[in-house]
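Reader: Let's go through this one piece by piece. Start with the helices, please.

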Amino acid sequence: MQQLWRALSYFRADWPRVLAGLALLALTTLAGLLKPWPLALIVDSVLGHNPFPESVGRQIGGLPLPTQLALLVGAMVALHLGSALLGAAQNAVVIVTGLRGLSRVRRAVFDWLLRLSLRRLQGAQAGDLIYRATWDTYAFQTLFTQGVFTFLGALASVIAMTVVMWRLNGLLTLVALATVPLLLLVMQAFGGRMGRRAGEAQSADAGIATTVQQLVTNLQLIQSFTREAKEAEHFERQSQNSFAARWGQHRAEVLYLSTVSAVFALGTAAIIWFGSKQVISGSLSIGQLLVFLAYLTQLYDPLNQLSHVGSTVTNARAGTHRVLELLQEGSTMKDGNRSVVRGVDTGLEFDRVAFGYTKERPVLHEVSFRVGAGEAVALIGPSGAGKTTLLQFIPRFLDPDGGTVRLGGTDLREFSLHSLRENVALVLQEPLLLPTSIAENIGYGRPNATRAQIEAAARAANAHSYIENLPQGYDTVVGDGAARLSVGEKQRLNLARAFLKDAPILLLDEPTSALDAESEALVLVSLRELMRGRTTVMVAHRLGTLRTVNRIISLQDGRVAESGTAEELLASAGYYAKVSGGQ
Ligand SMILES: Nc1ncnc2c1ncn2[C@@H]1O[C@H](COP(=O)(O)OP(=O)(O)OP(=O)(O)O)[C@@H](O)[C@H]1O
Ligand SMILES: [Mg+2]
């Protein structure tokens, strides 16, 4: 129930539309209620001999018969037209409001994804997230249009018609109402099963989305190790899961709807039986029986809808649950409110930082070191030592489990994420590019950069000459056939992006690892220029790169093993001396 309210809260902002929809609903119900009456009057008072009831006015009886007929037929047409128009207007309002709510939910999911912490993202399956954001969000619309409006409309019709029927004939009304408890029993019996099956079906489909997404991203790996058959087998299993879950869902639905139809058939039969007997005995006029039968067919629809609402809402709830589950999880990164002051908040300090991606396997134990304002420090250490992990703390992609990371003496957690990240330029070990033009990729961190600034950054990263040779130069779209870039070319684009960002803190994770000696030498000249006056932490192994920094910190088994200038480390005969010996 609480989940239901939470799901519907996305429609609260549209309350004027909701009210308009409700008003139209009330009018439509009223029109439906009046529809069979002109025919009843024709039968009883125009063709038959009953006087016109007070409510329509006795004086109609004084008019000539053709006029009476014309008036009533006209009323009939007007009522049918009016109720059709009102129904259409109501539908339009409800559909628009439903779609607006859908957009709002999708926006909320997208915002949630934007704030997602790296740790949460690494544990997530992209296909599943995509499925939830695109398909499961439809459930909110369904819940609103069918769960709320169809339900309210059907309920209003049932209540209004029951009241009128009761005033016409108590016995027949009781017979009609006898179907309601039966219906409730049927809903009770099938509701839970249908809900579970719907949930299973949605999970199974999300599994398919995940498998396809993994296939698309890893196709080359799969093909190079000729694992196609195995992957097909895996997909087949997923596909069968989905089949079983969907078939189970539809089986339950079909069974449910058939049972409901049987209950209605029983009810209709009973009413025709008792009603005809009353007409024969003369206790019911033919016109009233016509109204009654008309209401009965009109009642069948809303009751039928009410019985569907159960299954629709349980289906939709499975979807809204999968979306709300994400949104309620929240963003694990707590935001601070302090702004980074340029020129003041510059020195970095790691104070007994401890961290593990999982509890069982700590990666960092008690890492402590300082990087003075404007100082450049290199992190070295064997693969898996935790160098990349250490860098992730500075823009707060991760928070340490123990200890503190400070910037200018202030715990990083006190800064706003936005301000902190604005002041950090990061070049990742695996270069990331967006599927837009080269110029936009370089200018990503500075959207108002001029073309001249972008070119200067590209020159500094030794990327200008190869970009010039691309078919459309800086306007070439990355990833298009002609613009498949090599790893080294991508790396230089990432460097150019960092050059352009002009942030006081510079984090570089093996920024030149994919470059040949000549390109590296050129990039290092610019890098040295860039690092001047900026606090720099760089993961690097090559001697040439290490010569650009003031100090080297060597990480071993999650601890700082050595720290000092290149000469000092050489003298101490530790890790650095060992690895640099060969170069
Ligand atoms: N997302 C993750 N989830 C779980 N474990 C991780 C994750 N990322 C890294 N690790 C583990 O943490 C340890 C440190 O990884 P990290 O990437 O920091 O190493 P590194 O020093 O940068 O290595 P390399 O020189 O190979 O880049 C490794 O043992 C790695 O397996
Ligand atoms: Mg690394």
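Author: The crossing of α9 and α10 is left-handed, meaning that the near helix is turned anticlockwise from the far one by less than a right angle, whereas clockwise would be right-handed. Helices here are DSSP runs of H or I with at least four residues, strands are runs of E with at least two, and both are numbered from the N terminus. The model is a predicted one, where local features need pLDDT of at least 70, side-chain atom pairs count only at pLDDT 80 or more, and totals for chains, interfaces and linings use all residues. Residues are numbered from 1 along each chain as its sequence is written, with chains lettered from A and ligands numbered from 1 in the order in which they are written.

Reader: At what angle do α9 and α10 pack, and how far apart are their axes?

Author: α9 (residues 179-224) and α10 (residues 228-281) pack at about 165°, and their axes are 8 Å apart. That makes α9 roughly antiparallel to α10, since angles over 145 degrees count that way, under 35 as roughly parallel, 65 to 115 as roughly perpendicular and the rest as oblique. The axes are lines fitted to C-alpha atoms over the stretch in contact, and angles run from 0 to 180 degrees between N-to-C directions.

Reader: Ok, sheets. What is the strand order in the open sheet?

Author: The order is β2-β1-β4-β5, with antiparallel pairing. β2 (362-371) and β5 (410-411) are at the edges with a single partner strand each, so one side of each lacks a neighbour in the sheet. Two strands pair if DSSP finds at least two bridges between them; β1 and β2 have six. E349 is bridged to R370 in β2.

Reader: And where is G347?

Author: G347 is in the loop between α11 (286-329) and β1 (348-356).

Reader: Why does G347 count as partly exposed?

Author: Because G347 has 17 C-beta neighbours inside 10 Å; 20 or more within 10 Å would be buried, 12 or fewer exposed, and C-beta atoms are placed from the backbone. G347 and V371 are 24 residues apart in sequence, but 5.7 Å apart in space, C-alpha to C-alpha.
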